[in-house]
Amino acid sequence: MSKELNVLVDPHFLSNETLALVRPKLDDNIVITMDPVENDQVDFDVMIDGSPKPEELEKYTQLRHIIMPWAGVSVNLREKIAAYPHISLHNSHHNAVTTGEMAIALMMAAARSIPPVDALMHNCDWTPRENSNDINYVLYGRTALILGFGAIGQHVGLTCQALGMDVLGIRRDPTKPITAGLKAKVFSPSALHDLLPKTDVLIITIPLTDESKNMIGKEEFALMPDKSMLINVGRGPVVDQYALYDALSNGKLHAAGIDVWWNYPERGEHIQQPADAPLHELPNLVMSPHRGGAGGTGQAETLRANEIAKLLNAAARGEEMPNKVDLSLGY
């Protein structure tokens, strides 16, 4: 009989409802514990937790893996795990599909100026029907540059390709295989400035690291074609917010669509200006309150459950667990 794999789950980071979807997909030798007090004699092998406590990392001497049930990795967590080199950190790529869909939704809405046109139609104003030259942006035949060509970026690339767009990608290792059927030219980050002049739509799916912070700023917007677009579903601070405000307000960019921000409300609060720059005042910005992961929806939780089960089964079988985070890179 295979050795038991004992897994401690923090209910703040993986709900009972999602766990109920995970359990039927697990190998028989995987034992899940939600309350360590009830099982205080067990030394856990794996934790599913987005913020493990230092005392837990010290107490569980068998602990070898920590799974975060989402993609992004905070600096605090990276620094915490770095102090325990025998423990590997793994994230979840379940949101590649849902975040990719958000990127496409924002791109389509921004291209055709859907929010302002919708507002006019709600007032029975048909003006855009006859005056659409300045608010329509046809995507067919355009070039999309996807900054961060991992699971999310490649899902976005497939959809852009289906829309008749040329797809360029930037990733740290451009020689890695990409999704079957995706016809994209992939480059290293050093090619960014060479690619921006031919970029009609810049789509950001890259995580926030020391290297990516403010990667897109005044100089980068100046290199892009006039009336191009920016879509960001990665992290807000990858873009210089003031440079973005200037590019949108002076007409350099046709529009932008954003799901990730610089400022967030405190837990339980709902009103917060999302950036220090008054981006929310601009009519050519499509805004979404960081909901690309579609958390809490049935479909998203099924995808999350599938990913968690894949990771745990790999660990239980003695296989290499997927999605290992490189702590030095931040993803």
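This is a predicted model: local features need pLDDT of at least 70, side-chain atom pairs count only at pLDDT 80 or more; totals for chains, interfaces and linings use all residues.

Started with a helix pair. I found Ala96, Val97, Thr99, Gly100, Glu101, Ala103, Ile104 and Met107 of α4 meeting Ala151, Ile152, His155, Val156, Thr159 and Cys160 of α7. I sorted the residues of this contact by type: 9 are nonpolar, 4 polar and 1 charged.

Next I checked the geometry of the pair. Two packed helices are described by the angle between their axes and the distance between the axes. For α4 (residues 96-111) and α7 (residues 151-162), the axes come within 8 Å and cross at roughly 45 degrees. I put α4 down as oblique to α7 because of that angle. I also noted the hand: α4 passes α7 in a right-handed crossing.

Then I moved on to the sheet. In what order do the 7 strands of the open sheet run? I read the order as β8-β7-β6-β9-β10-β11-β12, with parallel pairing. At the edges I have β8 (184-187) and β12 (285-287), each pairing on one side only. The twist from one strand to the next averages 15 degrees.

I zoomed in on one strand pair. Strand β9 (residues 201-204) pairs with strand β10 (residues 228-232) over 4 bridges, in the parallel sense. Within this pair I spotted isoleucine 203 standing opposite isoleucine 231 in β10.

Last entry: what packs on the sheet and touches β10, β11 and β12? That turned out to be helix α10 (residues 241-249). I logged its direction at about 135 degrees to that of β11 (253-258).

Terms used. Residues are numbered from 1 along each chain as its sequence is written. Side-chain values use heavy atoms; hydrogens and water are left out. Axes are lines fitted to C-alpha atoms, for helices over the stretch in contact, and angles run from 0 to 180 degrees between N-to-C directions. Helices (H or I, at least four residues) and strands (E, at least two) are DSSP runs, numbered from the N terminus. Angles under 35 degrees count as roughly parallel, over 145 as roughly antiparallel, 65 to 115 as roughly perpendicular and the rest as oblique. A crossing is left-handed if the near helix is turned anticlockwise from the far one by less than a right angle, and right-handed if clockwise. Contact means heavy atoms within 4.5 Å. Ala, Val, Leu, Ile, Met, Phe, Trp, Tyr, Cys and Pro count as nonpolar, Asp, Glu, Lys and Arg as charged, and the others, Gly among them, as polar. Two strands pair if DSSP finds at least two bridges between them.
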